[in-house]
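Here is a short report on one protein model. Look over the sequence and the structure, then read on.

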Amino acid sequence: SNSYNRWKRYAELNKTRRQLAVSTKLAFKQESVVGGLAEENAVLKQDMRKLKAQVEVLESNNSRRLESLFSSSESAIIQMKLLTSELHDKERTIASLEQRM
C-alpha cells in the first residue's frame, strides 16, 4: 500500500508536470500571437495616418480647384452679361438706323 501511494504520487506529479509544460507552451504561443497582432495593429495605425494625410491633401487641392472654377465661371458669367448688353446696344443702334432710312 505504501509503494502504491508513492507510485500514485509519482504519477500525479508527472501529470502535473505535463500539464505545466503544455500550459507553458500555450502561454508562449499566445504571447507571440499577441505580439504579432500588436505589431500588425501599429502598422495599420501608421497606414491609417498616411491615408488621412493623403485625404487631407486631396480635399485641400479639391477645394482650391473648386474655388478657382467658381471664380472663373463667375467671371465668364460677367463677361457674357457684358457681351449681351453690347449686343442689345448694337441691335438698338441697327433698329434706329433702319428707322431713319
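## An arginine on the helix

R9 is exposed, because its relative accessibility is 53% and the cut-off for exposed is over 50%. R9 sits in helix α1. The model is a predicted one.

Now the fold. The protein has 1 helix and 0 strands. Helix α1 covers residues 2–100.

How does the overall shape compare with a globule? A compact globule of 101 residues would have a radius of gyration near 13 Å. The protein has 43 Å.

Distances along the chain can be read in the same way. R9 and D89 are 80 residues apart along the chain, and 117 Å separates their C-alpha atoms. E86 and E98 are 12 residues apart, with their C-alpha atoms separated by 18 Å.

Next, the surface. What share of the 101 residues counts as buried? The share is 0%. The accessible surface of the protein comes to about 9,800 Å². Carbon and sulfur atoms account for 61% of that surface.

| Residue | Relative accessibility | Class |
|---|---|---|
| R9 | 53% | exposed |
| E86 | 41% | partly exposed |
| D89 | 39% | partly exposed |
| R92 | 54% | exposed |

E86 also has its place in helix α1. E86 is partly exposed because its 41% falls between the cut-offs of 20% and 50%. D89, at 39%, is likewise partly exposed.

Then the charges. The protein carries 18 positive and 13 negative side chains. The centres of these two sets lie 24 Å apart.

Side chains of opposite charge can pair when their charged atoms come close. How many salt bridges does the structure hold? The structure holds 1. The side chains of D89 and R92 form a salt bridge, with 2.6 Å from N to O. That distance of 2.6 Å meets the criterion, because a salt bridge needs the nitrogen within 4 Å of a carboxyl oxygen.

Where do the two partners sit relative to each other in helix α1? D89 and R92 are about one helical turn apart, because 3 residues separate them in helix α1. R92 is exposed at 54% relative accessibility, and D89 is partly exposed at 39%.

Note on methods
Residues numbered from 1 in each chain as written. Predicted model: local features only at pLDDT ≥ 70, side-chain atom pairs only at ≥ 80, totals over all residues. Heavy atoms only, no water. Helix = DSSP H or I, 4+ residues; strand = E, 2+ residues; numbered from the N terminus. Rg over C-alpha atoms; globule rule 2.2 N^0.38 Å. Buried < 20%, exposed > 50% of the residue type's maximum accessible area, 1.4 Å probe, protein only. Areas by Shrake-Rupley, 256 points an atom, 1.4 Å probe, with all protein chains shown as cover. Lys, Arg positive; Asp, Glu negative; His and termini not counted. Charge placed at Lys NZ, Arg CZ, Asp CG, Glu CD.
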